[in-house]
Amino acid sequence: MENIATVTAVHRDRYELSMDTGTTTEIFYGRLKAAAFYNSTEIVPFPTVGDRVMVSQNTGGDSLILEVLERKSVFMRLNATQGLPDQAVAANFDYVFITMSCNKDFHPAKLERFLTAAWQSGGTPVILLTKSDLMQERERILAQVSAKAAGVDTYCISAYTGEGISQLEKYFVSGAVIVLLGSSGVGKSSLVNVLLGEEQMATGSIRESDSQGRHTTTYKQMFDIPDRILLPDGNTIKGGGRIIDTPGIRKLVMGEGTDGIDLTFEDIAALASQCRFSDCRHQTEPGCAVKQALADGLLDIKHWKMYLSLQKEEAYAKARQQIITRRMEKAKRRR
């Protein structure tokens, strides 16, 4: 019997599914893994949390995923196995909660990288500065965020005191899906536990040596947010929708596509439009507005270097995609 389902958790060799019929089951998935890379000249996506999939449901054992349906948004990261397509982290979400701790985890360059990935994913980014109860330089950090992410909603929150969480109420809407993006130990799982009203996700304490949280989430999982959320301060807010918790990402590598870069670095794009030549590479060309802004101190050099770094990663992703496609075409001709 075939049915449509949503992937709610990804383990090493099994997927948990929420069937449209209202049941939940674990399924084994293997045959598509063996055939997916070679079955066409297009990369066949492997399922991830949030994916809508067509399954052959087996009530007496594991079901089989037949097809991953079209995604409206997706996070990708570099596959550890050279020559294989990038791996999806999460799919079909509406909002990307970029979580960054207010202690030593906060780095403006990391925010730029995560913000670019959020825009590129197809979701709407929202910045959460977690552990606000430990925040000592609030105004300085908020000023840095404003400089890097003008116009992006930003909130200081604490899963311990409940500060700021009530402001997130507008995102908890029936049918909406939120994905948490951030490094290990920034408080993603603690926030999930507050929203769910129970200890669904293991959490770690802060290390005294560097004020960093310990990595706790080991696999991707989606949860239903209850209709009412009880906050640590005793207040309640409206809930609804779903939230995806993901393992901490050490370094999110850019995939193919430049939309995220253009949106994050709008200031550089605006400067480039003022260059004398439309194809200016901002190197030795005369009349380069970018070079002039750097010389005048109007463009931060670190901001510029991050822009160049992400552009190189995007170019690498495009070249890698072309190599994989050629390999797939060659394998298809051999069959």
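Residues are numbered from 1 along each chain as its sequence is written. In this predicted model, local features need pLDDT of at least 70 and side-chain atom pairs count only at pLDDT 80 or more, while totals for chains, interfaces and linings use all residues; side-chain values use heavy atoms, with hydrogens and water left out.

**Exercise 1.** State how many helices and strands the protein has, and what percentage of its residues count as buried.

*Solution.* The protein has 8 helices and 15 strands. These are DSSP runs, numbered from the N terminus (helices: H or I, at least four residues; strands: E, at least two). Of its 335 residues, 46% count as buried, where buried means under 20% relative accessible area with a 1.4 Å probe, protein chains only.

**Exercise 2.** Describe how helix H2 packs with helix H3.

*Solution.* Begin with the geometry: H2 (residues 108–121) and H3 (residues 138–148) pack at an angle of about 40 degrees, and their axes are 10 Å apart. Axes are lines fitted to C-alpha atoms, for helices over the stretch in contact, and angles run from 0 to 180 degrees between N-to-C directions. H2 is therefore oblique to H3, since angles under 35 degrees count as roughly parallel, over 145 as roughly antiparallel, 65 to 115 as roughly perpendicular and the rest as oblique.

Next, identify the residues that meet: Pro108, Leu111, Glu112 and Leu115 in H2, with Gln144, Val145 and Lys148 in H3. By class, this contact has 4 nonpolar, 1 polar and 2 charged residues.

**Exercise 3.** Determine how many residues of helix H4 are buried, and which strands they pack against.

*Solution.* In H4 (residues 188–196), 8 of the 9 residues are buried. Among them are Lys188, Asn193 and Leu196. The buried residues pack against strands including S8 (95–101), S9 (124–130) and S11 (177–181). Gly197 follows H4 and has a positive phi, near 75 degrees.

Key
Contact = heavy atoms within 4.5 Å. Nonpolar A, V, L, I, M, F, W, Y, C, P; charged D, E, K, R; others polar. Buried < 20%, exposed > 50% of the residue type's maximum accessible area, 1.4 Å probe, protein only.
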